[in-house]
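Q: Could you take me through one part of this protein up close? I'm new to this, so please go step by step.

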Amino acid sequence: MAVYTHKIKRDIQKNFIIYASLFFLLLIGIMAGVFTVEQMKSGHGEYFNAHFGNILKPTSDIWSTVFESIWNNIKILLPMILFGMWLVGIPFVLVAEAAKGFILGFTIAVLTENLGFQGFLIVLLCIVPANIIIIPCYIRIGTLAIQNAAGRLRFAHMPMTSAQRIKSMSPYFNSLMPAIGILMACVIIEGIVSPLLISWLIK
């Protein structure tokens, strides 16, 4: 773990502009999500009921919440990873990063808007701790995707077989595995713990 941490620190120093840009995009997305809720006269109540209504029920199925959380993250991660395989995919990686921020900001605003102080506590105790780990994972994955997409330029005019192309992608997928593993572990823990905390906070 110490070796991996040192590797990330060195990579951040080397690619600081990419990391800073993705962090900035996430912040913009978060602010856009919050602003959207504030500007909506109606509609966010439906989002609240759809995403949190089942959690608030005493008979809520925790594992369905876990699988939904995993699926929601896969819907952002998978396109980000796939777009990182082509040079033209870089703008889409940036959009996916901003979309993650938007969803987070929208969720925070909806909770505080609908539950008031209880919503603030849910954000503070459930959403913030998990995203202290989740957000850096997204930034790391986005950085790797951009680096790989930019690196595709040197292979653009190089004749390669399908097997050689797949092999050339191996370092990219291998470098993604630790960040994806940490992210998914955090998402699963969040999916188990958050419904319990939310049910306790709103009693």
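A: Let's look at how helices α4 and α5 pack, and then at a few residues around them. Keep in mind that this is a predicted model.

Start with the setting. Of its 203 residues, 40% are buried. Look at the contacts with a separation of 6 or more, too: 84% of them are between residues 24 or more positions apart.

Now zoom in on our pair. Helix α4 covers residues 62-83 and helix α5 covers residues 90-115. To describe two packed helices, you give the angle between their axes and the distance between the axes. Here the angle is about 160 degrees and the axes are 8 Å apart. An angle over 145 degrees counts as roughly antiparallel, and that is why α4 is called roughly antiparallel to α5. As for handedness, the crossing of α4 and α5 is left-handed.

Who actually touches whom? On the α4 side you'll find Asn-73, Ile-76, Met-80 and Phe-83. They meet Ile-90, Phe-92, Val-93, Ala-96, Glu-97, Lys-100 and Ile-103 in α5. Sort the residues of this contact by type and you get 8 nonpolar, 1 polar and 2 charged.

Stay with α4 for a moment and find Ser-69, which sits in that helix. Its relative accessibility is 18%, and since buried means under 20%, Ser-69 counts as buried. Set aside its neighbours within four places in sequence, and Ser-69 is in contact with Val-187 and Gly-191.

After α5 comes Gly-116, and its phi is positive, near 60 degrees.

With a relative accessible area of 23%, Leu-121 is partly exposed. Not counting residues up to four places away in sequence, Leu-121 touches Cys-126 and Leu-201. Leu-121 and Leu-201 are 80 residues apart along the chain, yet their C-alpha atoms are separated by 7.6 Å.

Methods. Residues are numbered from 1 along each chain as its sequence is written. This is a predicted model: local features need pLDDT of at least 70, side-chain atom pairs count only at pLDDT 80 or more; totals for chains, interfaces and linings use all residues. Side-chain values use heavy atoms; hydrogens and water are left out. Axes are lines fitted to C-alpha atoms, for helices over the stretch in contact, and angles run from 0 to 180 degrees between N-to-C directions. Helices (H or I, at least four residues) and strands (E, at least two) are DSSP runs, numbered from the N terminus. Angles under 35 degrees count as roughly parallel, over 145 as roughly antiparallel, 65 to 115 as roughly perpendicular and the rest as oblique. A crossing is left-handed if the near helix is turned anticlockwise from the far one by less than a right angle, and right-handed if clockwise. Contact means heavy atoms within 4.5 Å. Ala, Val, Leu, Ile, Met, Phe, Trp, Tyr, Cys and Pro count as nonpolar, Asp, Glu, Lys and Arg as charged, and the others, Gly among them, as polar. Buried means under 20% relative accessible area, exposed over 50%, partly exposed in between (1.4 Å probe, protein chains only).
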